Amino acid sequence: MKRRNFIKATVLAVSMAAIGSGGYAQDKGPIKIGVLHSLSGTMAISETVLKDVTLMAIDEINAKGGVMGRKLEPVVVDPASNWPLFAEKARQLLTQDKVSVVFGCWTSVSRKSVLPVFEELNGLLFYPVQYEGEELSKNVFYTGAAPNQQAIPAVEYLMSKEGGGAKRWVLLGTDYVYPRTTNKILRAFLIKKGVKESDIDEKYTPFGHSDYQTIVADVKKFAAGGKTAVVSTINGDSNVPFYKELGNQGLKATDVPVVAFSVGEEELRGVDTKPLVGHLAAWNYFMSIKSPANTEFTKKWAAYAKAKNIAGHKDKPLTNDPMEAAYIGMYMWKQAVEKAKTTDVDKVIAAMGGQTFTAPSGITSTMDPKNHHLHKAVFIGEVQANGQFNVVWKTKGPVKAVPWSPFIAGNDKKKDEPQGKTVIAK
Amino acid sequence: MRTLLIALWLFASGAHALEAAIVEKLAFGESDEQVAAIAALVAAGDEKAAAVLQALAEGELQTAGKSVLIVKGEEATDAVTGAKVAPLPAEREDVIANNRLRRELAGALAGLKLISPQREIRLAAAKELAGGADAAMLPLVKKALEKETDAELKSMLGQIAAAMELKDGSKEARIAAIRMLGGSNNPNTKMLLLSVLEKGKDGSFAEPDEEVRRDAQASLRAVEGRLAWGERLGILFTSISLGSILLLAALGLAITYGLMGVINMAHGELIMVGAYTTYAVQNLFRAHAPGAFDWYLACAVPAAFVVPAAVGMLLERSVIRWLYGRPLETLLATWGISLVLIQTVRTIFGAQNVQVENPGFMSGGIEILVGVVLPWSRIVIVLFAAAVLTGIWLLLTRTRLGLFVRGVTQNRAMASCVGVPTPRVDTWAFGLGCGIAGLAGCALSQIGNVGPDLGQSYIVDSFMVVVLGGVGQLAGTVYAALGLGFANKLLEAWQGAVLAKIAVLVFIIMFIQKRPQGLFALKGRAVEG
Amino acid sequence: MGPIADRIASAIARLYGARGWSTLAAFALVLFVMFPLCNLVVPPGNPFYLSAYWVTLVGKIMCYAIVALAMDLVWGYTGILSLGHGLFFALGGYAFGMYLMRQIGSDGQYRANMPDFMVFLDWNEFPWQWWNSDQFWWCALLVVLVPGLLAYVFGYFAFRSRIKGVYFSIITQALTYAAMLLFFRNNTGFGGNNGFTDFKRILGIPITIPETRMALFAITGATLIAALLLGRYIVTSKFGRILAAIRDAEQRIMFCGYDPIQYKLFIWTLSAVMCGIAGALYVPQVGIINPGEMSPANSIEIAIWVAVGGRGTLVGAIVGAGLVNGAKSFFTQAFPEYWLYVLGLIFILVTLFMPKGVVGLWSQWKNRSA
């Protein structure tokens, strides 16, 4: 009996949803917002918190009266770290739920998977994570860093006197596209700066690698040949065993500093940072940045985490760079909608260029008028014993993103704006 | 650095009062000013200056408004005057040292400590300098060498001085230096000796004298030989360490699957439960007994056994019990269990990793040769794996429960006939396997991440180990785990981590072709059963 | 004329009874009439309109159903549990993906006449794996040949060495795991972790227009029905009974003078080929193939579809694939935070209370009411 009721309820819910989605007129009622972050599977570890911060921003905006007098209504789905499921869910959000905008994705492959869907259906995606560049789509706004907003300043810093004047480089990453691309750009950059090929060592480990004994021993051996720095693009989960090994084998930051591009406050949550003090990370935001906007942001997050009982964050609230990028994205979209006075995708895209927002990083971030990337300041932070970062260097002001890195052959010919939708000949 | 040490040399004996301006520069200045301030403080050379530098190195230097304080716990002293400051000002900020500053500090402190009366402090300082000392330190090192009476320290200081004299100095001094270096274990020496043998762009040697070069060659060979040994020892250890981890992860499965025939896809999740139990115990200690924090593992190990064992027994009673004789269906049910366990942990603890801190005695490592560090955590895990293995072996061969388990494995019907309570034995055995999985989780929490997906990364490897070893054979599991550890590490040193892993998998496939029942096959009728 | 017609008639009668055939006809009607009508003819906004979302979703699930059928043939009927069927599926997908990548032509990000990832890696010519990949027929051939050959060689050695039961399962798992790591490497030449995506055309026709999508959908549906009938044909033949005999008592069948290796090898290879074809149909519909498809967990899931539906009944495999994937699609939307509980509990409850799967429950219920 119960079972049958359940089925009935399910069928009812499905049909209601189907009718509901078509029923509303476009410009009344709430504005639907898609949230496309993995809540299960391997990426849940990083993405869950982005879902939460997006919901927090939506709550905030709603509390202040919504957008153009209309409330925002989040539609949360779980693509479960499964790339084909990402494409399916994106299509579902755009065609079934008819959302006006989607905030989502973390990995490059998930973005690549949904990209054709967004281009086909002319949707709008805000992507909040640092990535390898080499892409520019009309339908995507990239609020994370491009390589020139993260990797290159970090390496320049390590080469400087202040950063220790590194002469030899270990480029260490997980074997996939982001590390490979970043390392390719860095290699070209280093060689241009006069570093010898023999002074660069590129190393890769498989996904989910957890045994870094050999790698750390190799780094030590390599470092015996001169002042060495390690550039790590190790993917989320492998970082904890890597840093634990580093600490236990006694490789200190004063001898061989490690700068990471995928390690933030959240990743260090799982590590005892006392042996790691002085290792570096390059981001466009750190939780420790002192600015009124950041104080407010971190306070709001702490209160939200407590109110919503978010496991982990309710006891120890942490914010990080992708969370800030997601937060900026939400507000910029709101401003653009208000400027365009509609949620129509093309008009919002047109209104996005030139939007500014006082980001928690204390910088006024501007959306580039052309290339769909944010102008962001770059910060380099050293790990502290309490798991936070101490900013030791920052750019003078915001840096414009260069998605087509000049260090990759052929990119000099690329236009710094999305090219019109490819017209496919029949 | 150079200026700093010359300053140190010149003013080492002077005892000035600390200048407020210098301390302020150290606390508020840009990093160039801070470096200069360190030099000036070293020049001051008295205890107060050393205390300020030490405080900065240990993160105890704080500022409150315009004053600079050294804060230790709840007590603060003014860095300039040395006067006690009470009560603590509410608004304080840390003076944070970056890497450059920390390096300068380490050098300065090492210089100051080289003439300390305590042997351990001198030894630590000498080790610090051995890592790469500036030539400007030579007079200081020589002075310390003259005063030094301890044989070990004398030889260390000798090597440090030798390294510095390699470039300059008379021929005799150079040869003496090179011979001295031949006895060193430090990988940096190799680079130093190589630089002697280097040819310049015009084809001339950096070292003009042939005799010196010959000596350098000999010393280089000696050093290289020792370094190669160090490296081999390193690979040996990493292999054993990886093998012991694989063994721990697979041992529980060897019981639940190997002896009982339950394809337990939730095995990885029981490892995870063990790791989270360790985390919870650690948190309890941190909250209620911070003084005994280093001993939390003493509680965590039994807890990490009991909790997963209880979960396992519950699962056995409620689900798996009904599936005996349908082994492949246990795969389906336990897969479902694993999904539920993952999501439960995610709901309770959050999706992100949690931090499990090593107790003090497990952090850091022992340096068997310079450059070859065996981390304590890994040494402890190797021993732990051995202990668990011994425990299981004793349990299976020396206790009544073990006798029953073996009996039920060999012939369930017969065991039942002679009065073995087979259902109860099943529950206990399954609980035992799950408890051992939990112990593996406790060990893994010390070296890896603790997150909801922890188990997923070990389940495939665990099954490989058990099957490669031969189902139903503990000895096989041990050999397979160690074998895979060695194969993985040797190949990794040769071809990189990715190809090593692929090669090992292919090797497993080939090996099973040769021995379709694993390393240690069961013989007799049970085989085709 | 006569004898052939008779034979066809007897085969038809052998495969299914009248009820079976009419159910199948109804199924075909839904696939080939209702879906095209509701998707292409009915205008959007009409309550009967089916959007592209449903077409791709059902298309995707039908691809999974073909894989489940293939799995059922080796597991349900022959007793060989493969934990590596995802590999064959992915290989078929990659083989056809190569063709789709070539069809992008110079419309990629770099506007080069090569897949983007190759331009990025500074490759000036196609590596050997890509030989002739701009030809549809060649890639279609690869879809069958690559999984087929791999399965044949692997099966030949494994069955000859008499690797059985869980040992076989684990080495298939090792195989797919190794292949996944291999394909993750950029240097393997298949786009690394990003795999193939952003397809534009197929046979020169844009891939995103509704007609192409519907054509792919219909082909998938036809393949599924064909696979079902082929499977049914095999399991109702003498060959099929020998397979079942191998599953139940391999030694006895050997003593009767049969060589189980040949039978196992045939069904194993056929199953791999079916997976390859399913993969090839899957890729253009979901728009991405990456090494994640080869992860051991995916292959375990395939076994779970079959178990949920009912092992040893071909319809069960299809029902299982549909139910599990349908539930996954629904629950990830309806209860994004709790769907794993629901799915996990379904697996546990199905095993405990429906040992013969959902289809078994149906017949149980029928028997009881009868």
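Predicted model: local features only at pLDDT ≥ 70, side-chain atom pairs only at ≥ 80, totals over all residues.
Student: Let's begin with chain B. How many helices and strands does chain B have?
Tutor: Chain B has 21 helices and seven strands.

Student: And what share of the residues of chain B count as buried?
Tutor: Of its 529 residues, 52% are buried.

Student: What about contacts in chain B, how many join residues at least 24 apart?
Tutor: If you take contacts between residues at least 6 apart in sequence, 69% of them join residues at least 24 apart.

Student: On to the interface. How many residues of chain B are in contact with chain A?
Tutor: On the chain B side there are 53, and they contact 55 residues of chain A. Together the two chains bury about 4,100 Å², of which 45% is on carbon and sulfur atoms.

Student: Which residues in chain B lose the most area to chain A?
Tutor: Those are Asn99(B), Arg103(B) and Gln352(B), which together account for 14% of what the chain B side buries.

Student: What sort of pairs cross the interface of chain B and chain A, say how many salt bridges?
Tutor: There are eight salt bridges across that interface, and 21 residue pairs are in polar contact between the two chains. By class, the side of chain B that touches chain A is made up of 19 nonpolar, 22 polar and 12 charged residues.

Student: Can we look at Arg378(B)? Which side chain does it meet at 2.7 Å?
Tutor: That is Glu245(A), in a salt bridge with an N to O distance of 2.7 Å. The pair crosses between chains, with Arg378(B) in helix α15 of chain B and Glu245(A) in helix α8 (residues 239–248) of chain A.

Student: Are Arg378(B) and Glu245(A) buried or exposed?
Tutor: Both Arg378(B) and Glu245(A) are buried. Salt bridges with shared partners also tie Asp211(A), Glu245(A), Arg378(B), Lys489(B) and Glu492(B) into one network.

Student: Where does Asp211(A) come in, I mean what does its side chain meet?
Tutor: Asp211(A) forms a salt bridge with Arg378(B) at 3.9 Å, N to O. Here the link runs from the loop between β7 (200–205) and α7 (213–223) of chain A to helix α15 (residues 376–398) of chain B. Asp211(A) is buried, as is Arg378(B).

Student: Switching topic: where is Gly278(A) found?
Tutor: Gly278(A) sits in the loop between α9 (265–268) and β10 (280–283) of chain A. It counts as buried because its relative accessibility is 0%.

Student: What does Gly278(A) touch?
Tutor: Leaving out residues up to four places away in sequence, Gly278(A) touches Ala253(A), Glu382(A), Val383(A), Asn99(B) and Arg102(B). Two of these, Glu382(A) and Arg102(B), pair in a salt bridge at 2.8 Å, N to O.

Student: How far apart are Gly278(A) and Gly381(A)?
Tutor: In sequence, 103 residues; in space, 8.5 Å from C-alpha to C-alpha.

Student: Last one: how many salt bridges over all chains?
Tutor: The whole structure has 43. One of them joins Lys308(A) and Asp59(A) at 3.8 Å, N to O. Those two residues are 249 apart, with Lys308(A) in the loop between α10 (292–307) and α11 (321–340) and Asp59(A) in helix α2 (residues 44–63), both of chain A.

Student: And why does Lys308(A) count as partly exposed?
Tutor: Because its relative accessibility is 47%. Asp59(A) is also partly exposed, at 35%.

Note on methods
Residues numbered from 1 in each chain as written. Chains lettered and ligands numbered in written order. Heavy atoms only, no water. Salt bridge = Lys/Arg side-chain N within 4 Å of Asp/Glu carboxyl O. Helix = DSSP H or I, 4+ residues; strand = E, 2+ residues; numbered from the N terminus. Buried < 20%, exposed > 50% of the residue type's maximum accessible area, 1.4 Å probe, protein only. Contact = heavy atoms within 4.5 Å. Buried area = accessible area lost by both parts, 1.4 Å probe. Polar contact = N/O pair within 3.5 Å; in protein donor to acceptor, adjacent residues only side chain to side chain. Nonpolar A, V, L, I, M, F, W, Y, C, P; charged D, E, K, R; others polar.
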